[in-house]
Amino acid sequence: MGVSVGLVQYILLPDMRFAYQWGFDDHLNRLVGLYLDPGFTGLMYVLVLVLWLRQRPSLFVMLVQAVLVAAVMLTYSRASIVALLGVLLIYC
């Protein structure tokens with residue numbers, strides 16, 4: 001559910017600079033998710049991807065994995081992308 005909320009946020013509200021007045025970083029065209037932090041959100045998506053990589057391969061599982069990888073890439077978080085590459089090197 002968190003991934004779907006993050007993707008809906010990215011599609012409907014890509015400009016999150018208005019949250020700067022409340023103490024959050026100003027993010028433009030980044031998936032920030034429920035916690036308004038792309039780094040934390042991306043790492044959560046990578047951890048969920050680890051759980052989905054352990055499932056028996058099927059069309060649905062591969063679709064969920066592709067959506068998770070796309071969501072991590074849309075965060076534009078360097079730490080999340082490095083974690084994703086590490087996970088993919090270990091599991092694939």
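Two residues are in contact here when heavy atoms of one lie within 4.5 Å of heavy atoms of the other, and this tour of a predicted model uses that sense of the word throughout.

Begin by selecting S77, which sits in the loop between α3 and α4. Once neighbours within four places in sequence are set aside, S77 is in contact with R30, P38 and G39. Because its relative accessibility is 7%, under the 20% limit, S77 counts as buried. If you then pick Y20, which is 57 residues away from S77 along the chain, the C-alpha atoms of the two are separated by 18 Å.

Next, turn to the largest nonpolar core, which has 13 residues and in which Y45 and L68 have the most contacts. At least two residues of this core come from each of α2, α3 (59–75) and α4 (78–91), with α2 giving the largest share, five residues. Centre the view on L68 and display V3, Y45, V48, L49 and W52, which L68 touches when residues up to four places away in sequence are not counted.

Finally, move to the surface and select V8, I11, L12, L13, F18, W22 and F24, which form a nonpolar patch with about 760 Å² of accessible area together. Within this selection, L13 lies in the loop between α1 (2–12) and α2 (38–53). Is L13 buried, partly exposed or exposed? L13 counts as partly exposed, because its relative accessibility is 38%.

Technical notes
Residues numbered from 1 in each chain as written. Predicted model: local features only at pLDDT ≥ 70, side-chain atom pairs only at ≥ 80, totals over all residues. Heavy atoms only, no water. Patch = residues over 30% accessible without salt bridge, like charges linked within 9 Å, V, L, I, M, F, W, Y side chains within 5 Å. Areas by Shrake-Rupley, 256 points an atom, 1.4 Å probe, with all protein chains shown as cover. Salt bridge = Lys/Arg side-chain N within 4 Å of Asp/Glu carboxyl O. Helix = DSSP H or I, 4+ residues; strand = E, 2+ residues; numbered from the N terminus. Buried < 20%, exposed > 50% of the residue type's maximum accessible area, 1.4 Å probe, protein only. Core = buried A, V, L, I, M, F, W, Y, C linked by side-chain atoms within 4.5 Å.
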